[in-house]
Amino acid sequence: QVPAPLIDQLVHVFAYDVDYTTRISPGDSMEIFHSIPDASDSEAGAPDVLFASLTLGGVTKRLYRFRSPDDNVVDYYDEAGKSAKKFLMRKPVSVARISSPFGWRVHPLLGYRRLHAGVDYATTRGTPIFAAGNGIVEKAGPSSGFGNLIELRHLNGYETLYGHQQGFAKGIKPGVRVHQGQIIGYVGSTGLSTGPHVHFEIRVNGQPVDPLRIRLPRGRVLEGDALKTFEQERARIDDLLGNPSSN
């Protein structure tokens, strides 16, 4: 009975580290601490995840919601004040299964062996596709076997590609800046495709890499006064949860 807005938040909070196609195992668990908006206040908004703990395969990830005082940006951080975000997301759709991983394969339509330079995420036609990171749209249009393709250019020689789209989000065209998590298009089956999915690639200096294996740079690490303020907020939440201090 977790409200749908909280589920959406949790998907995004752990999207940088968790492969949601992995089967759960005995001992896996989740803990959620969230706000409860005042039902009498019409402007109260949706509930917010204040803390989330996810244990998978004996490894626990604990994340705290925190609004940094210097830039007023809300993010989720681990106990040490490191952002849950990475430079790029490994998966540009919320819910999907991997229908074809990175690596050499016999192409299902062309019939010969060649490198599959990305990961195919199969899901329902029309599912929103998110930008894996902040960047600039390099291409948004038809591209032979990729069908409707978007290419994004990120910092430090990184690029991401999203193929076989049904269509693009409003305003997406070359030269436009996008932010991480922004909807840029919708899953389709255009080009050389056997069913609705998004073909997702990460390239570094023009060379394709496995999105599921590449070590990605982390996001922000809190320091100075921001870190001290975060530690106070972390201690407050731990106290409310009855957890021992993280220090």
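I began with the surface of this protein, working from a predicted model, and noted an accessible surface of about 13,300 Å², of which 51% belongs to carbon and sulfur atoms.

Next I looked up burial, and found that 40% of the 247 residues of the protein count as buried.

For the secondary structure, I wrote down two helices and 16 strands. I then turned to the overall dimensions: the radius of gyration is 20 Å, which is close to the 18 Å that the globule rule gives for 247 residues, so the protein is as compact as a globular protein of that length. Along the principal axes, I noted that the C-alpha atoms fill a box of roughly 60 × 45 × 40 Å.

I also looked at how contacts span the sequence, and recorded that, among those between residues at least 6 apart in sequence, 61% join residues at least 24 apart.

On charges, I found 28 positive and 26 negative ones in the protein, and their mean positions lie 10 Å apart.

Is Val178 buried or exposed? I noted a relative accessibility of 6% for Val178, and because the cut-off for buried is under 20%, Val178 counts as buried.

Which residues does Val178 touch, leaving aside those up to four places away in sequence? I listed Ala131, Gly133, Asn134, Gly135, Val137, Leu152, Ile172 and Ile184. For one of these, Gly135, I also looked up the spacing: Gly135 and Val178 are 43 residues apart along the chain, while their C-alpha atoms are separated by 5.5 Å.

Terms used
Residues numbered from 1 in each chain as written. Predicted model: local features only at pLDDT ≥ 70, side-chain atom pairs only at ≥ 80, totals over all residues. Heavy atoms only, no water. Helix = DSSP H or I, 4+ residues; strand = E, 2+ residues; numbered from the N terminus. Rg over C-alpha atoms; globule rule 2.2 N^0.38 Å. Buried < 20%, exposed > 50% of the residue type's maximum accessible area, 1.4 Å probe, protein only. Contact = heavy atoms within 4.5 Å. Areas by Shrake-Rupley, 256 points an atom, 1.4 Å probe, with all protein chains shown as cover. Lys, Arg positive; Asp, Glu negative; His and termini not counted. Charge placed at Lys NZ, Arg CZ, Asp CG, Glu CD.
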